[in-house]
Amino acid sequence: GPTRRRRETASRSRGEGPTRRRRETASRSRGEGPTRRRRTIKKRSGRKGEVRRGSSGINAEYGGVGTVISGTCMRGSIKINDTLLMGPNSLGEFKTILIKSIHRKRLPVKEVRAGQSASFALKKIKRADVRKGMVLVSPHSNPQAIWEFEAEIRVLHHPTTISVRYQAMVHSGSIRQTASIVNMSVQHMRTGDKALCRFRFIKHPEYIKADHRMVFREGRTKAVGNILRVFPDAPPPSRGPKRDKMKAIYPGRRRRAKSFNDR
């Protein structure tokens, strides 16, 4: 009767009844309402972890496992509980490490052979002790850290000329580091030129051997070549004492007195 109609009209004016249901259905179709809240909760409850780039691939530190590195076995084989040398560090030293476990394609394996890529869990190694460009080698190979090497390069493109003391990024395998040209077989190089150049790493030594290929680039400059010789006896760069910038800029300037009595 009329009383029921008045109640339905009042409920609709307050946002209840069929009108409210239509609004909720429309809001859910647009991704709002309870459905949207559930999606937000699922995103927020996702697992958080830190994964960074390491030597020849992903390098991370997981709780209960330790430091994990990934790379490709270039020669020989690697087994669980093998003792290898990892390096070089900033001082050119190699550290003894133990292979705790090996995973390949997310499955545990006991051995990795040449040409296969895998992840290795290291025992008692901190994440800060590992950087990209390090290698795992046998202790019997007597590895050496290299500061300088000689390579035959060909300039693919350069807007002007390349001469001694020119610096650019060297790419060779997993190595990524800036190197400077110490000397050259010619006085200048331009686009299309080929010459013998001796390079020197800027920051820290690397494990590099002859017959490795390299790319030498900086911006639009690109050069490719092969490493012919390495110089293991090259000394590290000498770092002189720190200079006072104020004394270098104002060598004869008198210091300001702190009070009137000091004048």
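The protein chain averages a pLDDT of 80, and 67% of the residues score at least 70, where pLDDT is the predictor's confidence in each residue, from 0 to 100. This is a predicted model, in which local features need pLDDT of at least 70, side-chain atom pairs count only at pLDDT 80 or more, and totals for chains, interfaces and linings use all residues. Residues are numbered from 1 along each chain as its sequence is written, and side-chain values use heavy atoms, with hydrogens and water left out. Over residues 37-56 the pLDDT stays under 50, and for this stretch the model has 27 contacts beyond four places in sequence, a contact being heavy atoms within 4.5 Å. Where pLDDT is low, the predicted coordinates should not be read in detail.

The protein chain holds 4 helices and 16 strands, which are DSSP runs numbered from the N terminus (helices H or I, at least four residues; strands E, at least two). Of its 263 residues, 30% are buried, meaning under 20% relative accessible area with a 1.4 Å probe, protein chains only. Among the contacts in the protein chain with a separation of 6 or more, 62% are between residues 24 or more positions apart.

A closed barrel of 6 strands runs β11-β14-β13-β12-β15-β16, with antiparallel pairing, where two strands pair if DSSP finds at least two bridges between them. From one strand to the next the twist averages 45°, taken between N-to-C directions of lines fitted to C-alpha atoms, on a scale from 0 to 180 degrees.

Not counting residues up to four places away in sequence, F149 touches several residues, including V170, F199, M214 and I227. S180 lies in strand β13 and is buried, because its relative accessible area is 13%.

Notes:
Buried < 20%, exposed > 50% of the residue type's maximum accessible area, 1.4 Å probe, protein only.
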